[in-house]
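I opened this chain to see how its parts are held together. These are my notes, in the order I looked things up.

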Amino acid sequence: MTTDPQTLAWLDQEDSRLAQTIRAHRVAVQYVMRGEESDEPPFGYTVGLFGVGHPELVVVGTGHESACGLLNHVAGLVLAGRDLVPGEVVTHGRAEPLVVEELPNPGEVLYTANRFYQRPDEFSVPAYQLTWAHRDGGFPWDPGYPCPPECQPRPGTWRA
């Protein structure tokens, strides 16, 4: 597959911007909005944690500001020495906790992280999905969860 020169120039600029952000802050957040024709929810993920020996972090179904704030906060915990593990409950300054879950299909989600680390999708950097509790209570696996399944899909059931 060949890429046109204009796209290559844009990718080079994006790669440079990402590298500068990671050098300055140790982590960057990539946010992916969904258009009206997509069934998939918006999501955000970190790029940079794999470089310090930790899986990247993903959050699904939140707005840009919320995703960036949440991911930056939890990434800050990791950068300060915390090693997250699947099943762990994390608080992040708001009332609703997060549960750390392994993302079984990171190669279908972490395109920018894999490009940054020069890894093919089949050998993707690992990731944890941070599953958030709804403000009215409960997690997606709880009976009566007030949000439909598509607002926060379970790990491995969605892709970019």
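The entries below go from sheet to helix, then to side-chain links, cysteines and backbone angles.

**Ground rules**

I am working from a predicted model, where local features need pLDDT of at least 70, side-chain atom pairs count only at pLDDT 80 or more, and totals for chains, interfaces and linings use all residues. Residues are numbered from 1 along each chain as its sequence is written, and side-chain values use heavy atoms, with hydrogens and water left out.

**Sheet**

I started with the strands. I took helices (H or I, at least four residues) and strands (E, at least two) as DSSP runs, numbered from the N terminus. Two strands pair if DSSP finds at least two bridges between them. In what order do the six strands stand in the sheet? I read β1-β2-β3-β6-β5-β4, in an open sheet with mixed pairing. Strands of a sheet pair through backbone hydrogen bonds, either parallel or antiparallel.

I then checked the edges. β1 (28–32) and β4 (89–90) stand there, each with a single partner strand, so one side of each has no neighbour in the sheet. β4 pairs with β5 in the antiparallel sense, over two bridges. I noted one partner by name: V90 is bridged to L98 in β5.

**Helix α2**

Next I looked at α2, residues 64–79. The helix has 16 residues and reaches 22 Å from its first C-alpha to its last. That is close to the 22 Å expected at 1.5 Å a residue, the expected span being 1.5 Å times one less than the number of residues.

What does α2 lie across? I find β1, β2 (43–47), β3 (56–60), β4, β5 and β6. For contact I used heavy atoms within 4.5 Å. α2 runs at about 150 degrees to β3. Axes are lines fitted to C-alpha atoms, for helices over the stretch in contact, and angles run from 0 to 180 degrees between N-to-C directions.

I listed the buried residues of α2: A67, C68, L70, L71, V74, A75, V78 and L79. Buried means under 20% relative accessible area, exposed over 50%, and partly exposed in between (1.4 Å probe, protein chains only). An α-helix has 3.6 residues a turn, so residues three or four places apart point the same way. Just after α2, G81 takes a positive phi of about 115 degrees.

**Salt bridges**

How many salt bridges does the structure hold? I count five, a salt bridge being a side-chain nitrogen of Lys or Arg within 4 Å of a carboxyl oxygen of Asp or Glu.

R115 and D15 meet at 2.7 Å, N to O. This pair links distant parts of the chain: R115 is in helix α3 (residues 111–116) and D15 in helix α1 (residues 5–25), 100 residues apart. R115 is partly exposed at 39%. D15 is also partly exposed, at 30%.

E101 and R154 meet at 2.5 Å, N to O. E101 sits in strand β5 (residues 98–102) and R154 in the segment after β6 (127–132), 53 residues apart. Which end is buried, and which partly exposed? E101 is buried at 17% relative accessibility. R154 is partly exposed at 25%.

E108 and R159 meet at 4.0 Å, N to O. E108 lies in the loop between β5 and α3 and R159 in the segment after β6, so the pair ties together parts 51 residues apart in sequence. E108 is partly exposed at 31%.

**Cysteines**

I found one disulfide, defined as a pair of cysteine sulfur atoms within 2.5 Å. C147 and C151 form it, with their sulfur atoms 1.5 Å apart. C147 is buried at 13%, and C151 is buried at 17%. C68 is in no disulfide; its nearest cysteine sulfur, that of C151, is 19 Å away. C68 is buried, at 17%.

R26 is not a glycine, yet its phi is near 75 degrees. R26 lies in the loop between α1 and β1 and is partly exposed at 43%. Q118, also not a glycine, has a positive phi near 55 degrees. Q118 lies in the loop between α3 and β6. Q118 is exposed, at 73% relative accessibility.
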